[in-house]
Amino acid sequence: MVVYSPHKVILFGEHAVVYGYPALSATVDLFAKIYLVPSRSGLQYTPFVQKTLSYLGLSNVYVKVETNVPSGSGLGTSSMIITSILLSERDYTKEKLANEAFNIEYETQGLGSPIDTTTIAAGGFVLTNGKEGVPLWKIEKNGISWNFSSVPTRNTEMVIVYSGSKGSTKEQVAKVRKFYERGKFAKDIMNRIGSITEDGVKAVMKGDAANIGELMNENHSELKVFGISTDQIERIVSVGREYGYGAKLTGAGGGGAVVIIPREKEKLIKKLKEMNVMVFDTSTTSAGIFKRSE
Ligand code: MEV
């Protein structure tokens, strides 16, 4: 079976979602084609691929991943690969797929939330721990619960830019956790991110690009306090704000990608290309992961 998996963006609430605060994510119209081929060479895999293959009792296979999006970009690649390997071998309900993929990801990383695996399995706009939308499912781990809902709305145009350096989710989540465990100041930031997300969902439901952009700018400023942005991300964000409604880092940070809501799209893309960065002119999609025989 060949699996097609969309990449994902987090529009609001990354990091805060790890502690159970609200977040809004979506699948984007950038798909990877992922499939297994026989192999006898005893290849070395990344730990999460190894874990997924041994969970399924598979050996002597190679996992082919065809995508233009670099790994470590914060656009969901590792969750996509875990989810795709599972789906290529077994039939699943979306909920069961999201659960099993999250368990494998969590066992490998030892931290994080189920936002990526759920978004990829469900497709479309996914709200975590918010009030809007149609309930999907709930996942719990270590006393934190994540209630997911699907927010059916028009797709949003976005320009996604890879900053050129990989970000490590594990390192960035650990960095933010140190602030979070130290006291009130980080919790206040998470609370503010939570209310930005709640306003953000309403803006997305209205299709109000200007408001979505403004709230993304606010969310980015809050995230910057944790030291998870980079000089290059800041350069991209400032071009994004000049020619777009708003811009922010997406995912764990420390490298990775920036998401921009375009206003003057041609100029925006021209300016970004002059910076020699990888640019994806895309939009959200209602599709989640799917498979077919080829
Ligand atoms: C996920 O793409 C980004 C983080 O929120 C980590 C997580 O939720 O697992 C930083």
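## Val 161 and its contacts

Beyond its neighbours within four places in sequence, Val 161 is in contact with Ile 236, Ala 257, Val 258, Ile 260, Leu 272, Val 277, Met 278 and Val 279 (contact: C-beta atoms, placed from the backbone, within 7 Å). The model is predicted, so local features need pLDDT of at least 70 and side-chain atom pairs count only at pLDDT 80 or more, while totals for chains, interfaces and linings use all residues. Residues are numbered from 1 along each chain as its sequence is written.

## Nonpolar core

Val 161 is also among the residues with the most contacts inside the largest nonpolar core, together with Val 258, Val 259 and Ile 260. This core has 82 residues (a set of buried Ala, Val, Leu, Ile, Met, Phe, Trp, Tyr and Cys residues joined through C-beta atoms within 7 Å; buried means 20 or more other C-beta atoms within 10 Å of the residue's own).

Strand E2 gives the most to the core, with nine residues (strands are DSSP runs of E, at least two residues, numbered from the N terminus). At least three core residues come from each of domain 1 (2-154 + 285-292) and domain 2 (157-283) (bounds from an automatic or database domain assignment).

The C-alpha centres of domain 1 and domain 2 lie 20 Å apart. Their contact takes 33 residues from domain 1 and 34 residues from domain 2.

On the side of domain 1 that touches domain 2, strands E1 (2-12), E2 (23-38) and E4 (125-128) each supply at least two residues. E2 gives the most to this side, with five residues.

Note on methods. Contact = placed C-beta atoms within 7 Å. Helix = DSSP H or I, 4+ residues; strand = E, 2+ residues; numbered from the N terminus. Buried ≥ 20, exposed ≤ 12 C-beta atoms within 10 Å, placed from the backbone.
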